[in-house]
Each structure stands twice: as structure tokens, then as C-alpha cells.
Amino acid sequence: MIRLENLTKHFEVPGKEPVIAANNVSMDVGKGEICIFLGPSGCGKTTALKMINKLIPKTSGKIYIDGKDTDDLDPITLRRKIGYVIQQIGLFPNMTIEDNICVVPDLLKMDKQKSREKARDLMEMVNLDATIFLKRYPRELSGGQQQRIGVIRALAADPPVMLMDEPFGAIDPINRAVIQDEFLKLNAELGKTVLFVSHDIDEAIKMGDKIAIFREGILEQCDTPDEILANPANRFVKDFVGTDRALKRLKLISVSEAIMPFRMAVQSDEPLDKVAEKMRSHNAHIAVMVGPRGRAQGYITKEEIRGDQSGIVNEYIDPIPGTIHENDSLHDAVSQMYSHASDWLPVVDDDGAYKGYLTQHTIASLLGEVPRKRGDTIT
Ligand SMILES: Nc1ncnc2c1ncn2[C@@H]1O[C@H](COP(=O)(O)OP(=O)(O)OP(=O)(O)O)[C@@H](O)[C@H]1O
């Protein structure tokens, strides 16, 4: 969808060497992908972005959108295909929110009624009550609400490409997380191709299908967040993503990916010798007692039934250490494990039914910290 080929920008500075803000940058971003431009201040993220909609003229190289060389498009035609969102928002203070949102569709002489209907739909999608807000002026909205309008305005003319320059940078952390989630949900429906400048690695991991890491105009690595965290291309990328990159990866992996292959579910009246045999054959350290509606009710360990195996499960059961939902992240799971001082957790579905369990050991294996060995259990 978007292809940069040896994109280069030299800023001439009188009496000095030119500043090389982009140095032979090449990358591909697929249709519907969100690519985050990340890197320290002054590395060239904004310059790269602004060359794409010709706000900054490039020195050399090529930019293709949908296979079309943008050299062949005049800036106005090009910008109609591209929504642009900036940190400063830039709503017109003397226009209502509705007119602000519809500014580009109106300029393009698109059907007024349709564009107003679209504005309403987009407002609902980011949880803003259209009846309340459309007739207001920008000063009557909070910063976070104005930024949502900035995003909606960029989407109003339905451009296939969105350029976003630190769009949520000025919003407080709690509202930023909310607006990031809203944007991800919105774009899952709209499927725009998005280039997004950020200097926040956590935002990049959360939002990006890909992350492009820049240093002094050079693209150091462009890959999926997981690949960047697991295999940084060089020392710079490794230092930039941080010493806690293994912990950051936990946010990218869901509990369902780390669940043990055997559920190890047992009934309250099951004889212990049978349970011991089941645990041995699956090399499991624990078994979970499941009751009505498939709920996990307690657990039993191999140690507890090592000696006497004459009773039934119910006589040896310990209370479960909380539960974790299958769609939660491993980051949530580890956090729960620490708060319950437990090295395992039962996994449940939407109805609270027991699905299986996961252990700290499997999580560590999954992250490649220790060799992965399926069927291994808590130690
Ligand atoms: N008009 C200009 N003239 C000269 N140098 C410029 C100009 N615009 C940007 N630069 C330089 O180009 C380099 C890249 O700037 P750019 O704004 O693209 O960085 P950035 O990664 O977006 O930074 P930040 O995160 O601080 O916004 C910097 O060294 C900057 O000083």
C-alpha cells in the first residue's frame, strides 16, 4: 500500500553541513496495517511522515501509494487520499464541531447530508454523544475530546491512508489509553493504512502491526513488535526498547497461547490412585477439581498424593489461587500470579468455565528464557 524507496531528505543550513533527516529509508506498509515510527527526538520521524503528504519536499527517493508514484500527483490531490492528525489538533475555533469534522468533505463538495451522517457515526464509534457535541465549539470540549474530533476529522473524507504525528502525545496517561483503545477498535472496522509517529515504546507495542525504529535519519529496524522485542537488530534498537523487553513481550502474548496442553480436570469423587496415574502419564504437577457449570473449585498437587493414594480428590483439595481469562495477556497473568504468590493459575472462559492452566515455567519457556518443553509443569 505504501512503499518508501531510498527516501532521503537533506535540510540545507546556511554556512553549515546539511542536516540529513532521512537517509535512504526504504520500507513497505501493507493495506490496513498500522506502522509506528519510533525513535529518539530528532531522528527524523516527522520529516519522514511529512514527505509522504508533501508537506516537506523530499531530496531524493520514491514514495508509492497503492502502486502510484506520488511524484505524479499534485499535493492537493495527494492530500485528499491522506488523513492527517497532529498533536496540536488544529480545530477551527469559530466553527462548530460538526463543521470542523466536515471541513474536507465540504471542500471536496461531497454530499452534505451524507457527510453529516458519517460525522454522527464516527462520533458514536469513539463514544461521543453526537447530539450533545456536534453543535458545540472546540473550546467547549476537553483536550481528549478535541483530540478524538481531530481523528474523526481526518477520517471524515474516508481517505485510505492516515498519517498521525504523536496524535495522543498531549493527553494524560489514563485518557491516552482509552483513546488508543478506541482508535484500534475504530480502525479494526475501517481498515485504514496508518503511519503513526510516537516516541513511546509502550504505545508502539500496543498500537503497531509494525514498528519502524529510526536513528539519525536511518531506519534501523522495521518489523513486528514481537520480533523487535525478541530479536533487536542491533545494540541501538536493543537499548532503545529497554532492558525489560522480555516483560514487554508479555503484553503481546495471550493466555490462550501459553495454556498447558492437558486440562488436568478431575472430579471431586475421583479416586486418588487414578488421579495420580493421570498426572504421571501427562507429566503434570497439579490437577484441578471441576464442579458445577465447569467451574474450577480447587486443586491437588502430586506431592499431596505421593504417599497414601487410597482416598478421593475432595479430601485433599486446596483453594484455587484466583483465575485468569483466556483472552487476557501474559502480562496480566504474571501480575495475578505475583499478587496471589502463586506459580500457576487456572484459565477460564467468558462463562467462568475452567479451560486449563498455565504456569510461570511455561511463560518463561515461551519467552525463550529457558528451552521450551511442552507438558512441563510447575517446579
Ligand atoms: N526545516 C529544517 N531545517 C533544518 N533542519 C531541520 C528542519 N526540520 C527538521 N530539521 C532537523 O531534521 C532532523 C529530524 O527532525 P524531525 O522533526 O523529523 O525529528 P523527529 O524524530 O520527528 O523529532 P521529535 O521526536 O523531537 O519530534 C532534526 O535534526 C531536526 O533538527
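1. Of the 13 residues around the ligand, those that come nearest are Phe 11, Ala 21, Ser 41, Thr 46 and Thr 47, where a residue is near a molecule if its C-beta atom, placed from the backbone, lies within 6 Å of it. Strand 2 (19-29) and helix 1 (45-52) are the elements that give two or more residues to this shell, and helix 1 supplies the largest share, three residues. Helices (H or I, at least four residues) and strands (E, at least two) are DSSP runs, numbered from the N terminus.

2. The model is predicted, so that local features need pLDDT of at least 70 and side-chain atom pairs count only at pLDDT 80 or more, whereas totals for chains, interfaces and linings use all residues. Residues are numbered from 1 along each chain as its sequence is written.

3. Helix 5 (residues 112-125) packs with helix 7 (residues 143-156) at an angle of about 140°, their axes being 10 Å apart; axes are lines fitted to C-alpha atoms, for helices over the stretch in contact, and angles run from 0 to 180 degrees between N-to-C directions. The two helices, helix 5 and helix 7, are therefore oblique to each other, since angles under 35 degrees count as roughly parallel, over 145 as roughly antiparallel, 65 to 115 as roughly perpendicular and the rest as oblique.

4. The mean pLDDT of the protein chain (pLDDT being the predictor's confidence in each residue, from 0 to 100) is 89, and 97% of its residues reach 70 or more. The complex has an ipTM of 0.97 and a pTM of 0.82 from the predictor.
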